[in-house]
Amino acid sequence: RLSAGFKYTKFPPLQQCSGCSHNPQAGVALRRMTSHNMTWISYPSKNLAFISPEEIEAFIASQNIISRLMHCYIAFFVPTGLIAGICILIIFIKNYLQHRVIENLDLFLLHFTISNIIMIFLSFTVISRPDYLKATHLACNVLSFFFNFSYFNSQYVLILMLLILLLKRFPPRTVLCKATQRPILCVGIVLIYAFCLSLTEAVLVGTDNYHLETDCQLDPLFAWPEYEITKFTFGFGIPSFLQILCFTVLLTKVAPAEAPALQQHIRTYPAAYIISITIFICHLFYNIMILFRTTFKLQKSIGTPKNELVMNIAEIVLFCESCASLVFILFFHKPCKDEILKVIQKCRRKNTANTSRTGRKKDI
């Protein structure tokens, strides 16, 4: 059932290998070439010829939903996240210049803040939704590389933060625990690890048609299926396992007698735990949709407009998490919270002084 005026577009048949039955290796090579050939893939919204008349209204509604979500994100979350991130940077730099010392947790939070600010700037690629950013395959791959670099950075720096908090509650006894007492070294290892993973992902995006223009997402649609599988494994599966492991140790292991109570420990460092839970929930939604997209690729299907809508929502939720995490750091991390309270007190004193001066002038 096709609406009038639309033409049916048929995908070209797959090439058959005459010698595959006699040469199994040739058959495997052909299947790999077929799975890595992404020239057929496109967004459902770009293939209106496959949408029935009954689905047109649902398609228009999904376009309106994603457009409104994009406007809400750009109008509310982006300014809030950027302002919070800039304030965090100012506070940490100011404290370092005053004391010439920065704590391990503060250094990791500084690294985490910079990664999330980069993520927010990269999220401006959604400003054209419900349409997509037009770019060459090469430019899209470069954007994807920096996106993945920030993504992996924030994930594994969070693991370091949770490990540092465990060490504050439980004394270090192993070589690994003692290594975390060198925060610069840990940050360097995370940067190298994130760079290697991002470079691997850039290769898995594909190496063909770099000069051609395409509809670009930060996780490109035309990437090979291995791209999403690798991202799910190293960007969500392993970090989530380590987060759950840290929480399990924190909640089940008996602390030394001199250690503070568990509730007091959590109240002392609420920012890292709140961020960890927020990241897990938002990244779970996004990575589930990434896996769904992989199944569509393996089935040679472009999906439906509804699938495209949910994927776009998951992407915006991921960016909202970056903004929300910076706000949580600003209002729940003690040095940042103390600095905000100082600024509020100064403003109140100035207002009180101005009010008293105005009252005196009126009396005169």
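Predicted model: local features only at pLDDT ≥ 70, side-chain atom pairs only at ≥ 80, totals over all residues.
## Basis of the model

Local features need pLDDT of at least 70, side-chain atom pairs count only at pLDDT 80 or more, and totals for chains, interfaces and linings use all residues. Residues are numbered from 1 along each chain as its sequence is written, and side-chain values use heavy atoms, with hydrogens and water left out.

## Overall fold

The protein chain has 11 helices and two strands. Helices (H or I, at least four residues) and strands (E, at least two) are DSSP runs, numbered from the N terminus. From that end, the order of elements is α-α-α-β-α-α-α-β-α-α-α-α-α.

Of the 364 residues, 43% count as buried. Buried means under 20% relative accessible area, exposed over 50%, and partly exposed in between (1.4 Å probe, protein chains only). Contact means heavy atoms within 4.5 Å. Among contacts with a separation of 6 or more, 84% join residues 24 or more positions apart.

## Helix H4

Helix H4 covers residues 137-169. Its 33 residues reach 48 Å from first C-alpha to last, close to the 48 Å expected at 1.5 Å a residue. The expected span is 1.5 Å times one less than the number of residues. H4 is mostly covered, with 25 of its 33 residues buried.

Leucine 167 is found in H4. At 13% relative accessibility, leucine 167 counts as buried. Glutamine 181 is 14 residues from leucine 167 along the chain, and their C-alpha atoms are separated by 9.3 Å.

Two packed helices are described by the angle between their axes and the distance between the axes. Axes are lines fitted to C-alpha atoms, for helices over the stretch in contact, and angles run from 0 to 180 degrees between N-to-C directions.

Helix H3 (residues 104-122) packs with helix H6 (residues 183-204) at about 25°, with axes 10 Å apart. H3 and H6 are therefore roughly parallel. Angles under 35 degrees count as roughly parallel, over 145 as roughly antiparallel, 65 to 115 as roughly perpendicular and the rest as oblique. H3 contributes Asn104, Leu107, Phe108 and His111 to the contact, and H6 contributes Pro183, Ile184, Cys186, Val187 and Leu191. These divide into seven nonpolar, two polar and no charged residues. Ala, Val, Leu, Ile, Met, Phe, Trp, Tyr, Cys and Pro count as nonpolar, Asp, Glu, Lys and Arg as charged, and the others, Gly among them, as polar.

## H7 against H9

The axes of helix H7 (residues 225-252) and helix H9 (residues 270-298) come within 9 Å and cross at roughly 150°. H7 and H9 are therefore roughly antiparallel. The contact residues of H7 include Phe232, Phe236 and Phe247, and those of H9 include Tyr273, Phe280 and Leu284. The contact of H7 with H9 divides into 12 nonpolar, six polar and four charged residues.

Isoleucine 120 lies in H3. Isoleucine 120 is buried, at 1% relative accessible area. Leaving aside neighbours within four places in sequence, isoleucine 120 contacts Tyr73, Val78, Gly81, Leu82, Ser322, Cys323 and Leu326. Phenylalanine 319 is 199 residues from isoleucine 120 in sequence but 6.6 Å away in space, C-alpha to C-alpha.

Serine 325 lies in helix H10 (residues 305-332). Serine 325 is buried, with a relative accessible area of 0%. Leaving aside neighbours within four places in sequence, serine 325 is in contact with Phe112, Ile275 and Ile279.
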